[in-house]
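Please look at the sequence and the structure shown here before reading further. The paragraphs after it form a guided explanation.

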Amino acid sequence: MAKRVYLFNEGHKDDQDLLGGKGANLCEMTNLGLPVPFGFIITTDTCREFFANGNKLPNRLEQEYRVALDLVEQKMGSHFGDPDNPLLLSVRSGAPVSMPGMMDTVLNLGLNDDIVEGLARKTGNPRFAYDCYRRFIQMFANVVLGVDGAQFEQAIDDYKKENNKSLDIEMEAEDWQRVIDHFKQLVDLPQDPFRQLLLAVEAVFQSWHTPRANVYREMNNIPESLGTAVNIQSMVYGNFGDDSGSGVAFTRNPSNGEKLFFGEFLFNAAGEDVVSGIRTPLPIDALKDQMPDVYQQLFDTQLLLENHYRDMQDIEFTIQEGRFYILQTRSGKRTGRASVKIAVEMVKEGLITDKEALLRVSPEHVEAFLHPMVDPQGKKDIIASGLPASPGGATGAVVFSADEAVQEAAKGDKVILVRRETTPEDIHGMKVAEGILTELGGMTSHAAVVARGMGVCAITGCNKLTIDTAAGTATTASGQIIKRGDIITLDGLAGEVMLGDIPKIAASSSDDFQTLLNWADKYRKLSVRANAETPEDAAKALELGAEGIGLCRTEHMFFAAERIDVMRGMILSETREERESYLVQLEKFQHDDFLELFRIMDGKPITIRLLDPPLHEFLPHTEDDIAALSAHINKPLELIKNAIRDLAEVNPMLGLRGCRLSIVHPEITEMQVRAIISAALAAKEQGCHPLPEIMIPLVVNVREIRMISEIIDRGIQSVMKEKSLSIRYKIGTMMETPRACLGADRLANDVEFMSFGTNDLTQMTYGFSRDDAAKFIPAYLTNKIIEMDPFVSLDQRAIGKLMKMAIKDSKRKKKGIKYGICGEHGGDPRSIKYCHKLGLDYVSCSPYRIPIARIAAAQANVE
Ligand code: PEP
Ligand code: MG
């Protein structure tokens, strides 16, 4: 039978899967000889057993952990359940992947009516003993017995009111005793400590499935099968008196990455008081001033831990009666900017290699370099300020609850979530908010940690703001009232709140970021191109490291106001001459656009896709627009309406689009080819090195490619002859239909490249309409019918299989074909890693995803 219980001196930091992150690190710190209150861990395997058994603990588990408990008692010199010398325990969750605050914890376990008196006697501190007992009852009742915590808070508030008290520190031992008497009317607390322990272990396992834990796992792609471990540890007390306290610290600044020990601390407080944001903590220097020896011990410990783990650590510590204890260490969550700075500096310090640095940065974190910041020039009156918990600039309408945030965001509105403090129950609201503002809490509060993790702008500890959630108002120190729905801007870097929509500046790079990207380029095999068609997008893409354009959607070049009616005129032409006159105008537009792109992308390939969408997409929809078009191109209303009717399709996504347009309207293709090649020749004349690649979309059959290639070749030859110049070009196809993938061997000889259009390929393989899937995909995800939205992350099983088959079959027929991907998946880190595995030559994505793609591609190669 597998071992289910591990003492803290029996595990190691690499045992995270079995012992959870928290437990594995407690073991590691114990082995390092650090002052960790002793304890033991029940494994994640046991959690899985528990669920497999229909939520029942395995038979022999209690016997097993009682043996461990005996050893803990020996080490601590006190006894669980002994009123004369009581040992109290914390019972905490701990998953293999950090899920801060998402599951449940019970503290001070092992108290009952007798033992609390013993604790009071032994410590000589009855106030402390009864405070612990009331905290325990509250927590146990809430977590284990499912009693609403608000009732207990209410009982405390009522008592304080009746007795003219307002703060907890004004409560004496007798006061807490009276409150406890009241609590006991609300809940039937098991008096047997061993029963308490058993129930608490069960409750922690169960908390793997709380709604907030489920949401968090979904958001972070954490598999449900992991399960949680249970950490059972001797209690130490930061709330023992004025020579005690609790704190949270980071070995480097988690907001900007500076190599500076950074932390927050509260005297005479339990750990949960620091993180919950109930009191605004002191900076760690307060400890240096008042307890220099303890501070030194803390400082040495954090240094040792960072060097040992070779990563920035987030630590929790407690001081009881002047003695230092370390309770937790884990890799610290950090902002995107901080993660890059820390990774690059650690390489320079010789702590990690450049390959490791690349793996330390989450591709999503790179977005921090790409986020807008509030323009200092545009800053108006600052109406409130707080702690700069998570950088970025955000503007939105004020909402006061997570539910409201979700409601308003669903309407397409940008919202700023304003709360006194956040708790894990707010996670769904935080997820959709542009920014988060809290009255309470420090840099390590829930709001700060979660927002940083999500890369959402946040300001915490905005103490001068008085929030009245029920009334839907927040009042500033000067009496200004912000109401629900008012537009405010947050500057998460400065911690400042402003009224109205303040302009932002585009995100800027940093030397560290460039260094990291250079390392990424050194290690990646996949080349990265951009999906771009405007000069601005192409220039941005180039700046961000694009090695070419992987998809230029030519239809996007016709939508500008002065062009659309020319396109419409062409579609509605009644004679060949009329159509040709419009085509000449369109050719001119396209020529100029392509020339500009060739100049910007000098020497880099540009894959230009022939017109793809159904023609009716270009026609007007409203009566007003139809009338305006009629006047502009001088055609009767009726003719336009008839054309709209004629071009309408039952299933436009499966209709006259893609290469089918070239088959039915070869003159459009001829025009596009002339524009592409004449622009390339003009670019060449100007000294550039254009590399045009013409891409045929939505192919199902090699005869389509042959017929269209003939049109293309003919067009190219005639333009080259006219200009007496020649140019190299490629013709390839987009792999967007299952049939194209299944018959790739037959396409191989007729193309030089294949670019997987995985948007359409996903649509056609699933039979899920790209435009309507958002209506049912959430239900599919909630019901776990699918694990991920296949339009976001490539479905490796189906789409991946088609791609793999297409590559293998076509390679067999012809060597030297280049393979790329240009669907949205080309910018998704998980999909990019898969494309690396498939051996594609390049990924193509929107310009702002390029740095992310470069890093993900490198990660795929060094992982
Ligand atoms: C695709 O289908 O994946 C693609 C890139 O083309 P579009 O999104 O323009 O249909
Ligand atoms: Mg497509």
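The model is a predicted one. Its protein has 863 residues, of which 57% count as buried. The C-alpha atoms occupy a box of roughly 105 × 60 × 50 Å along the principal axes.

The interior may be considered next. In soluble globular proteins, nonpolar side chains tend to be buried together. In this model, the largest nonpolar core contains 101 residues, and Phe594 and Phe756 are the ones with the most contacts inside it. Helix α25, which covers residues 666–685, supplies the largest share of this core, namely nine residues. A second, separate core consists of 91 residues, including Val36, Val106, Phe136 and Leu287.

The packing of helices can be followed in one example. Two packed helices are described by the angle between their axes and the distance between the axes. Helix α3, residues 61–76, and helix α8, residues 193–206, meet at an angle of about 115°, and their axes are 12 Å apart. The crossing of α3 with α8 is right-handed. On the α3 side, the contact is formed by Glu62, Tyr65, Arg66 and Leu69, while α8 contributes Phe194, Leu197 and Leu198. Of the residues in this contact, five are nonpolar, two are charged and none is polar.

Asp188 is located in the loop between α7 (173–186) and α8. Is Asp188 buried or exposed? Asp188 counts as exposed because its relative accessibility is 71%, and the cut-off for exposure is over 50%. Although Asp188 and Leu145 are 43 residues apart in sequence, their C-alpha atoms are 9.0 Å apart in space.

Ser90 belongs to strand β5, residues 89–94, and counts as buried because its relative accessibility is 2%. Setting aside neighbours within four places in sequence, Ser90 has contacts with Val106, Leu107, Asn231, Ile232, Gln233 and Met235. Glu496 belongs to strand β24, residues 496–499. With a relative accessible area of 18%, Glu496 is also buried, because the cut-off is under 20%. Apart from neighbours within four places in sequence, its contacts are Lys379, Ile382, Ala384, Ser385, Ile459, Thr489, Leu490 and Asp491.

The cysteines remain to be discussed. How many disulfides does the count give? The count is zero. Cys457 and Cys462 illustrate the reasoning: a disulfide requires sulfur atoms within 2.5 Å. The cysteine sulfur closest to that of Cys457 is in Cys462, 12 Å away, and is therefore too far for a bond. For Cys462, the closest cysteine sulfur is in turn that of Cys457, at 12 Å. Both residues are buried: Cys457 has a relative accessible area of 4%, and Cys462 has a relative accessibility of 0%.

Methods
Residues numbered from 1 in each chain as written. Chains lettered and ligands numbered in written order. Predicted model: local features only at pLDDT ≥ 70, side-chain atom pairs only at ≥ 80, totals over all residues. Heavy atoms only, no water. Buried < 20%, exposed > 50% of the residue type's maximum accessible area, 1.4 Å probe, protein only. Axes fitted to C-alpha atoms, helices over the stretch in contact; angles between N-to-C directions. Helix = DSSP H or I, 4+ residues; strand = E, 2+ residues; numbered from the N terminus. Left-handed = near helix turned anticlockwise from the far one by under 90°. Contact = heavy atoms within 4.5 Å. Nonpolar A, V, L, I, M, F, W, Y, C, P; charged D, E, K, R; others polar. Core = buried A, V, L, I, M, F, W, Y, C linked by side-chain atoms within 4.5 Å.
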